[in-house]
Amino acid sequence: MSWTGKILRVDLTSGTVKSEPLNTEWAQQYIGQRGLATRYMCAEVDPAVDPLAPENKVIFATGPLTGTAASTSGRYSVITKGPLTGAIACSNSGGFFGAELKFAGWDMVIFEGKSPTPVYLYIENDDAKLMPADDLWGQSVWATDKALHDRHQDPQLRVAAVGRAAEKGCLYAGVVNDLHRAAGRSGVGTVMASKNLKAVAVRGTNGVSNIKDPARFMKAVAAEKAVLAENAVTGQGLPTYGTQVLMNVINEIGAMPTRNARDVQFEGASDISGEAMHEPRKTDGRPNLTTNAACFGCTIACGRISSIDEKHFSVENKPQYHHNSGGLEYEAAWALGSDCGVDDLDAATYANFICNEDGIDPITFGATLAAAMELFEEGVITTEQTGGIELKFGSAEALVKMVELTGRGEGFGAELGLGSKRLCEKYGRPELSMTVKGQEFPAYDPRGIQGMGLTYATSNRGACHVRGYTVASEVLGIPEKTDPHVTEGKAGLVKAFQDATAAVDSTGLCLFTTFAWGLENFAPQLDAACDGEWTVERLAEAGERIWNLERAFNQAAGLTGADDNLPKRLLKDAGKVGPTAGMVNRLDEMLPEYYSLRGWTDDGLVPDETRQRLGIADSL
Amino acid sequence: MLKSLHIDPGKCTGCKQCEMACSYEHEQSFNPSLSRIKVFDFHEQGRFVPYTCTQCTEAWCLQACPVDAISANESLGAKVVSADLCVGCKVCTIACPFGTISYNPRSGVVSKCDLCDGSPKCAEACPTGAITFVDASATGLDKMRQWAQKTDTAAG
Ligand code: SF4
């Protein structure tokens, strides 16, 4: 098997919790996690639903390999309809919570309805119950984590929670587990909070003991672990520098969106890079980075554990931050750093701590603050709106103040909490929002990496890098090098990355393995562990099915080909310096070919024949 | 040569591959709650520490057991619990100063590290070399080498 075969259904309106069997036919078609939960969403939720209405559902989903000895087996996803985008939202997280949920015996938890009062779900193996959370409401993720550990007197308890931002209606609140790992994007935490659900606390001691062919599985796992260890990225780059290994690389090729993407290179990049995190600080002689850290089962260990200089202005006289916690990953360092023009490593680290403590997506937060800084510099907003804070590009003080306000949903932070699209529309400058489908794009400028323009434009959850990471090919040469400045061939490249990623995100393993692994490295592990025959072809087909089902959900939610677009700045304002000078993104050269490769209409709709071919015709 | 587990917390990333290898070897289940080795995460210090039985010579657990369910495997240096003999009285868990022998409510008997018959699965699964199985008389060799390297031989 390797699915537990059980789903926990939680009706928050009535306060009831019940177990039901997993639909194993769907598991064979959609694998688990992202794919399988999307299938349930399509069957149970009207895509046109208001994301914050009780009729929307939130699904916590593990994959068949979650909680096994396969490397990176700690993953789970949170799937819902997202409030930032109005599209399907699926956010993936590592840490230890996902494996614990599996060890408790659950493939998925489906939350429906809305609780009349704040509650949290407590799971101890087969036992699951809703418990009052009135005293946790209004608390940060970190305070909630501590309170639940104290209450249950169980150091092994794993907690996933939403923070104050989610409660206050920030549209990009995430679900944070294990203090610093997050299902971060698209506002999945906002939906959770809209249901008065504060946290899920789980303890699982059943383990995973239903591997199909254990001896073959252990052999496959050992072989694939060796592949990760021998690969330069997963064996050296990621453990040493984390994803921050990219900061200097992406800056050098002129693909670093800077100051709300006005520029394509950031002069302060090296000060906030992975390398800088290793340098002893001039002030206290200690490096920002204390150690690397793994998610459950992960032999890569890309995680960053960092501390901030106790004398740094952000934490001076705040002893509660004088310790280590989750440090900067590349996307966060970019959003809180380059995109706001901030080159203060400790300030960005502090902002990252707050994003974790209060559960907000650092990418959308940073990019929204960058848009606000541009509005401020253009004189559209003034200190009158910002509560006296000078929102200047490069101001670490503004970053620190604004992340605190946004985390708590107070003052101008409440406006920032709605994301840059709503902010810029409100102040009459919609073109300053760097979003697709309402979600901010991350740390790769599509003027310098053409394929990423198509990836952002067509991503089913709004602009996103982990839906089709063609940076791997266009910049790093994985699995093959393509020219980042060329549009030819990118439609096929993006499609292949999107489909493979959808499959990988459904297995329970981490996408970062794909720097070293292709589907041919996943297949033998899945095939040894899971019922059914799992070949590369079948995985690729499942990935394509998942992608199209997400698209069909969005289509039924009212999204069209017109939403497959990029901010004008990327299409019209050429890069000014470096290798990207004179270049814009040429989305129009890629999009029609992409639609045709996908088997969609010229308008980007998923027609019946494509639905029939992929077996999703009756899914919605 | 007698070998023993050597743990270097500085190399540990907290991934728990050891716990899965251990529980799979002894319980045919990926189940950290049944692992004889545990990794502790001191989050605020940024430290991970794997911890298990050191197979001490004094063997308080063995001495305390009223039914002789714990025996010493002299060639391995391991103190091994016989599940058939154990009556689940937990006296050994009180006697052990380190807490590395523990009661399993499901099986009704205690369990502890037995060095996997001479090829510890935790050491095999560890991706960083934080857990190794080395000559028992030389577990300090790494540290000695590090300090030796720091010795300033040039000083006159
Ligand atoms: S590669 Fe990084 S994010 Fe992925 S499982 Fe490992 S530590 Fe977690």
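The structure is a predicted model in which local features need pLDDT of at least 70 and side-chain atom pairs count only at pLDDT 80 or more, whereas totals for chains, interfaces and linings use all residues; side-chain values use heavy atoms, with hydrogens and water left out. Residues are numbered from 1 along each chain as its sequence is written, and chains are lettered from A and ligands numbered from 1 in the order in which they are written.

The secondary structure of chain B consists of five helices and eight strands, where helices (H or I, at least four residues) and strands (E, at least two) are DSSP runs numbered from the N terminus. Along the sequence these elements follow the order β-α-β-β-α-β-β-α-β-β-α-β-α. Taken along the principal axes, the C-alpha atoms of chain B fill a box of roughly 65 × 30 × 25 Å. Chain B has 156 residues, of which 41% count as buried; buried means under 20% relative accessible area, exposed over 50%, and partly exposed in between, with a 1.4 Å probe and protein chains only. Among the contacts in chain B with a separation of 6 or more, 53% are made by residues 24 or more positions apart, a contact being heavy atoms within 4.5 Å.

The accessible surface of chain B amounts to about 8,400 Å², and carbon and sulfur atoms contribute 54% of this area. Accessible areas come from the Shrake-Rupley method with a 1.4 Å probe, and for residues only the protein chains shown count as cover. The chain carries 14 positive and 16 negative side chains, with the centres of the two sets 4 Å apart. In this count Lys and Arg are positive and Asp and Glu negative, while His and the chain ends are not counted; each charge is placed at NZ of Lys, CZ of Arg, CG of Asp or CD of Glu.

A nonpolar patch on the surface is formed by F40(B), F42(B), Y51(B), W60(B) and F98(B), which together have about 490 Å² of accessible area. Patches are made of residues with over 30% relative accessible area and no salt bridge, like charges being joined within 9 Å and nonpolar side chains (Val, Leu, Ile, Met, Phe, Trp, Tyr) within 5 Å. F98(B) counts as partly exposed because its relative accessibility is 42%.

Over all chains, 50 salt bridges are counted, each defined as a side-chain nitrogen of Lys or Arg within 4 Å of a carboxyl oxygen of Asp or Glu. One of them joins the side chains of R34(A) and D505(A), at 2.8 Å from N to O. R34(A) lies in helix α2 (residues 33–44) of chain A and D505(A) in the loop between α20 (490–504) and α21 (519–529), so the pair ties together parts that are 471 residues apart in sequence. R34(A) is buried at 0% relative accessibility, and D505(A) is buried at 5%.

A salt bridge also links D445(A) and R447(A), with the closest N and O atoms 2.7 Å apart. D445(A) is situated in the loop between β17 (439–440) and α18 (450–458) of chain A. D445(A) is buried at 0% relative accessibility, and R447(A) is buried at 1%. Beyond its neighbours within four places in sequence, D445(A) is in contact with A255(A), M256(A), P257(A), A261(A), D263(A), V264(A) and L570(A).

In chain B, the side chains of K121(B) and E124(B) form a salt bridge at 3.9 Å, N to O. Both residues lie in helix α4 (residues 121–125), three residues apart, or about one turn of the helix. K121(B) is partly exposed at 21% relative accessible area, whereas E124(B) is exposed at 53%.

The peptide bond from I478(A) to P479(A) is cis, with omega near -5 degrees, and P479(A) is in the loop between α19 (471–474) and α20 of chain A. N196(A), a residue other than glycine, has a positive phi near 65 degrees; N196(A) lies in the loop between α6 (188–194) and β12 (197–203) of chain A and is buried at 13% relative accessible area. Q55(B), also a residue other than glycine, has a positive phi near 55 degrees. Q55(B) is placed in the loop between β3 (47–51) and α2 (60–64) of chain B and counts as buried at 10% relative accessibility.
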